[in-house]
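Subject: Structure handover

Hello,

Here is the structure I promised to pass on. My notes follow below it.

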Amino acid sequence: MNPSPLISATELHDLFEMGRAPVVLDIRFTLQTGSDRSGYEAGHIPTAQFIDLDADLAAPPDHRGRHPLPDVETFVAAMRGAGVNNDSPVVVYDGGPATAAARAWWLLRYHGHPDVRVLDGGLARWVAEGYATGTEPSIVAAGSFTARSPLARVLDVDDVLDFARENILLDARAPERFRGEVEPVDPVAGHIPGAVNRPTTENVDSDGRFLSPEVLNGTFGGLVPEGKDVAVYCGSGVTAAHQILALELAGIDAALYPGSWSGWITDPTRPRA
């Protein structure tokens, strides 16, 4: 297993130069417009395969939220179609701060893949370093990826309130959404009772690259008392994976509540704060 879940643009470029290119997955997506295939077609890292977050990394919206975890068969088929094998090193990226790419990183780990890294700073960093992009789709042989024992944890919806009372449940959304002052996406504002707010925007610097493990450890260390477990949610379970990635960099293992706020509020009997 790689010592870090991140890879720099220079390190990725060096792998290409040495003939050791990993499978590269483009996960560009925005909350406003959804999966960004047109951005991929306009220019992407050479050999990168486009992965549609809405279709490949999530099931259709339902009572579980806006981005439920995908069926195993759907995810496996998407990874095979992109050329992923069980022993393939994989690098995932998006347009910048990795809020979408982290979803692919987390899902690959959840399905047992041990060798996946996130391009730190995303495509923006790759371009800033002067490395080439291409517009031609890359043809790859189908992979043989299979789902194996999870390397990531989930928090079940029925356990959320007890967990929040006894451990640390982090809400990764913007502070104003956590406080219920605004809610641009979901029909109900607020947060899960007992949760603590820690926005994902605090994980990265102005270039969209993750802060150092030492800085992240200091930040999260102030939120997580010794001996407490950690779980994370956001609006729909996508950017929460970014928080889990930052926590891993800080040396803290955390679970994901996949339904997040959008799933929590589908049951009116669940309490809200």
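This is a predicted model: local features need pLDDT of at least 70, side-chain atom pairs count only at pLDDT 80 or more; totals for chains, interfaces and linings use all residues.

I start with one side chain. That of Glu 183 reaches the backbone nitrogen of Asp 186 at 2.9 Å.

Residues are numbered from 1 along each chain as its sequence is written, and side-chain values use heavy atoms, with hydrogens and water left out.

Back to Glu 183. It sits in the loop between helix 8 (175-178) and strand 10 (196-197). Helices (H or I, at least four residues) and strands (E, at least two) are DSSP runs, numbered from the N terminus. Glu 183 is buried, with a relative accessible area of 18%. Buried means under 20% relative accessible area, exposed over 50%, partly exposed in between (1.4 Å probe, protein chains only). Not counting residues up to four places away in sequence, Glu 183 touches Arg 173, Arg 177, Val 188, Ala 189 and Trp 261. Contact means heavy atoms within 4.5 Å.

Next, Ser 260. This residue lies in helix 11 (residues 260-264). Ser 260 is buried, with a relative accessible area of 0%. A polar atom of its side chain lies 3.1 Å from the backbone oxygen of Tyr 257. Leaving aside neighbours within four places in sequence, Ser 260 is in contact with Tyr 233, Cys 234, Gly 235, Ser 236 and Gly 237.

In helix 4 (residues 72-81), the buried residues are Phe 75, Val 76, Ala 78 and Met 79. Seen down the helix axis, they fall within an arc of 160°, so they line one face of helix 4. The arc is that of the directions from the helix axis to the C-beta atoms. Their cover includes strand 2 (23-26), helix 3 (53-56) and helix 5 (101-110). Gly 83 follows helix 4, with a positive phi near 90°.

Helix 10 is mostly covered, with nine of its 11 residues buried. Among them are His 242, Gln 243 and Leu 249. Gly 251 follows helix 10, and its phi is positive, near 85°.

Now the pockets. On a 1 Å grid over the protein atoms alone, a pocket is an open set of points where a 1.4 Å probe fits, with protein on both sides within 12 Å along at least five of seven lines; lining residues have an atom within 4 Å of a point. The largest pocket holds about 570 Å³ of space. Of its 27 lining residues, Leu 31, Thr 99, Arg 177, Thr 200 and Thr 239 are the closest to its centre. Helix 8 gives the most to this lining, with three residues.

The second largest pocket holds about 330 Å³. It has 18 lining residues, and the closest to its centre are Arg 64, Val 157, Tyr 257, Pro 258 and Gly 259. Each volume is the space filled by probe spheres set on the grid points, which are joined across faces, edges and corners.

Best wishes

Note on methods:
A polar contact is a pair of N or O atoms within 3.5 Å; within protein, one must be able to donate a hydrogen and the other to accept it, and residues adjacent in sequence count only if both atoms are side-chain atoms.
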